[in-house]
Amino acid sequence: PKKLPTWSDYGKAWWVAFTNTLFIAVPYGYVIAEFLMPARDPSKYWGGDSLLVMPHWYEVFAQFWVFSLLHEAAFFYTHWLVHSRNFLGINLYTLIHKKHHTFTAPFGIACVYAHPVEHFLANITPLMLGPLVTNAHPLVFTWWLIFGLYSTACTHSGYAHWSIPNGRFHDYHHEKFEVNYGSMGLFDKLHGTSAEYLVQEYGITKEVDDLSKEDASADKKKK
């Protein structure tokens, strides 16, 4: 059956989004704008030699791909971490991440319905990583943040339409919990955490067969 959020759900999500933005995102952005950005040399911006010179469109395109790959890696591993139920004896899922999984059928604003620690570690930091590491032009940095916020809202929207980032991949994560940790699926493919989803959506079974062979091999070694 189709699950739809209630007005109460919307209210809870908006309040958490507001507090996370006010107390986590704004101070984070202030530190970057006040201390990190001025400390960078404008003559070394990727694709430009001053604050007034914008990179060419193909350089911006290339930067977005690099940002996306760095975000995918950082988000996958931090997301996987907060799903841990025994990290150094600590149940991080219950302590931190369970809040975000309140909604098994999420909606746009629920993308930032998260514990403050998670919002800092797994939401904001992976998004900021690419532009900071590559010394991106401030305007490109801004475009990337807008794209990132739009994309994560779409992937939590529950909609799957060609005109927006597909929400089905992450929606499946909210249904099953222990699958589809990343945003692009690259590291899920690498670690085998998207196998069930690929079978369900596309009928792709090779990854599942490989995992079954690995499990069978491990069982034989135990015997």
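**Exercise 1. Which residues are linked with Arg-168 in a network of salt bridges?**

Some ground rules come before the solution. This is a predicted model, where local features need pLDDT of at least 70, side-chain atom pairs count only at pLDDT 80 or more, and totals for chains, interfaces and linings use all residues. Residues are numbered from 1 along each chain as its sequence is written, and side-chain values use heavy atoms, with hydrogens and water left out.

*Solution.* 
- Step 1. Take the term. A salt bridge puts a side-chain nitrogen of Lys or Arg within 4 Å of a carboxyl oxygen of Asp or Glu.
- Step 2. Pair Arg-168 with Asp-171. Their side chains form a salt bridge at 3.7 Å, N to O.
- Step 3. Pair Arg-168 with Glu-175. Here the closest N and O atoms are 2.8 Å apart.
- Step 4. Complete the network. Arg-168 is linked in it with Asp-171, Glu-175 and Glu-201.

**Exercise 2. Which parts does the salt bridge of Arg-85 and Glu-178 tie together?**

*Solution.* 
- Step 1. Check the distance. The two side chains meet at 3.8 Å, N to O.
- Step 2. Find the loops. Arg-85 lies between helix 2 (57–82) and helix 3 (92–95), and Glu-178 between helix 6 (168–176) and helix 7 (186–191), so the pair ties together parts 93 residues apart in sequence.
- Step 3. Arg-85 is partly exposed at 44%. Glu-178 is partly exposed at 37%.

**Exercise 3. Where do the buried residues of helix 5 sit around its axis?**

*Solution.* 
- Step 1. List them. They are Val-140, Phe-141, Trp-144, Gly-148, Ser-151, Cys-154 and Thr-155.
- Step 2. Take the arc. These residues cover only 155 degrees around the axis, which puts them on the same side of helix 5. The arc uses the directions from the helix axis to the C-beta atoms.
- Step 3. Turn to the face away from the buried side. It carries the exposed residues Ile-146 and Leu-149.
- Step 4. Name the partners. The buried residues of helix 5 pack against helix 1 (7–39), helix 2, helix 4 (116–134) and helix 6, where contact means heavy atoms within 4.5 Å.

Key
Helices (H or I, at least four residues) and strands (E, at least two) are DSSP runs, numbered from the N terminus. Buried means under 20% relative accessible area, exposed over 50%, partly exposed in between (1.4 Å probe, protein chains only).
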